[in-house]
Amino acid sequence: MNIVIADNSGFCFGVNRAVDKAYAELAHSEKLYSLGPLIHNPEVIGNLTAMGLQIIENENECTCNQKVLIRTHGVSKDVYEVLRRKNDEIIDMTCPFVKRVQHIANKYYKEGYKVIIIGNKNHPEVIGVNGWVDNSAIIFESIDEAKQINSIDRACIVAQTTLKEETFNEIVGILTDKVKDIQIFNTICNATRERQRSAFELSKKVDMMVIVGGYNSSNTKKLYEICKENCKNTFFIENKSDLTDIDYKKYNNIGISAGASTPDWVIQEVIESIKDASSNSKM
């Protein structure tokens, strides 16, 4: 059996930066708050909370004069204002790619454009971006919804950074005919784009694909959807314990890909588990 890891799997720059900062702060801080889970990975979050990280759902749960870590997904401008009024120390770990989306949306909103966000309206990144346009954006991620949009005079289009490239291109094609003055920004991040492409190519060459990452991770879900198109034997797992009831004797080549919030040690545990299970199945 041959195991191949897709290029560009695991932690991206933004996630690695945020996690390293959280560990560094917890090494010498008695209390550190995170507005929502720092990243969408249960293993990493479990380690950080064991060290003392306190996850809160909104800025009002934090007391005054505390350290508050803004997670990679970013927040709305109103959240910053609340934290500053409470004299909290803000440790901003918003992914630079997400920051770019926020700045573009805010700039064109101020210039009178209707902002359209192609993405999941319930995802924290999208909620945060919408907060930079006074929660006035049109938000959707399906072709059918795009077709239902009425004509617009001026619109600025941005994308959730973890969106599938194919989805973005298809929706933009529809909106181009509905907007007179359209400003288009493909804000899908490089890490997402690279992971999607490498996973897509690998899934065409193997008998089985394993996608590793948090079940609540948007970019990991997209990897699963992409690979499933090429390889019907594609499995989405969070960690090695999810690898159950798989007959490895059926597969000669197994591909591994992981979301941008999946640490290397989780990926390696999955690989070792597959190797052990494969060896046992041959006995």
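**View 1. Meet the whole chain, a predicted model.** Of the 283 residues in this chain, 54% count as buried. Keep in mind that you're looking at a predicted model. Counting up the secondary structure gives 10 helices and 12 strands. Follow the C-alpha trace along its principal axes and you get a span of about 65 × 55 × 25 Å.

**View 2. Surface and contacts of the chain.** The chain exposes about 13,000 Å², and carbon and sulfur atoms supply 45% of that area. Now for the contacts. If you take those in the chain with a separation of 6 or more, 71% of them come from residues 24 or more positions apart.

**View 3. An open sheet made of four strands.** Zoom in on the strands that line up in the order β3-β2-β4-β5: they form an open sheet, and the pairing is parallel. At its edges sit β3 (53–56) and β5 (89–92), each of which pairs on one side only. Ignoring direction, neighbouring strands of this sheet are turned by 30° against each other on average.

**View 4. Where β2 meets β4.** Here's a closer look at one pairing in that sheet. Strand β2 covers residues 32–35 and strand β4 covers residues 67–70; the two run parallel and are joined by two bridges. Which residue of β4 is the bridge partner of Y33? That's V68.

**View 5. Cysteines without a disulfide.** How many disulfides does the chain have? The count comes to zero. Take C12: the nearest cysteine sulfur belongs to C95 and is 5.9 Å away, while a disulfide needs the two sulfur atoms within 2.5 Å. So C12 is in no disulfide. C227 is in no disulfide either, and its nearest cysteine sulfur, that of C231, is 7.8 Å away. Are C12 and C227 buried or exposed? C12 counts as buried because its relative accessibility is 14%, and the cut-off for buried is under 20%. C227 counts as buried too, because its relative accessibility is 0%.

**View 6. Two residues with a positive phi.** This view goes to the loop between α5 (124–130) and β7 (138–140), where you'll find D134. N135 lies in the loop between α5 and β7 as well. D134 isn't a glycine, yet it has a positive phi of about 55°. N135 isn't a glycine either, and its phi is also positive, at about 55°. What about their exposure? D134 has 43% relative accessibility, so it counts as partly exposed. N135 has a relative accessible area of 53%, so it counts as exposed. The cut-off that matters here is 50%: exposed means over that value.

View 7. Look for K249 in the loop between β11 (234–237) and β12 (253–258). Is K249 buried or exposed? K249 is exposed, because its relative accessible area is 58%. Now find S279. Along the sequence, K249 and S279 are 30 residues apart. In space, C-alpha to C-alpha, K249 and S279 are 9.4 Å apart.

Conventions. Residues are numbered from 1 along each chain as its sequence is written. This is a predicted model: local features need pLDDT of at least 70, side-chain atom pairs count only at pLDDT 80 or more; totals for chains, interfaces and linings use all residues. Side-chain values use heavy atoms; hydrogens and water are left out. Buried means under 20% relative accessible area, exposed over 50%, partly exposed in between (1.4 Å probe, protein chains only). Two strands pair if DSSP finds at least two bridges between them. Axes are lines fitted to C-alpha atoms, for helices over the stretch in contact, and angles run from 0 to 180 degrees between N-to-C directions. Contact means heavy atoms within 4.5 Å. Accessible areas come from the Shrake-Rupley method with a 1.4 Å probe; for residues, only the protein chains shown count as cover.
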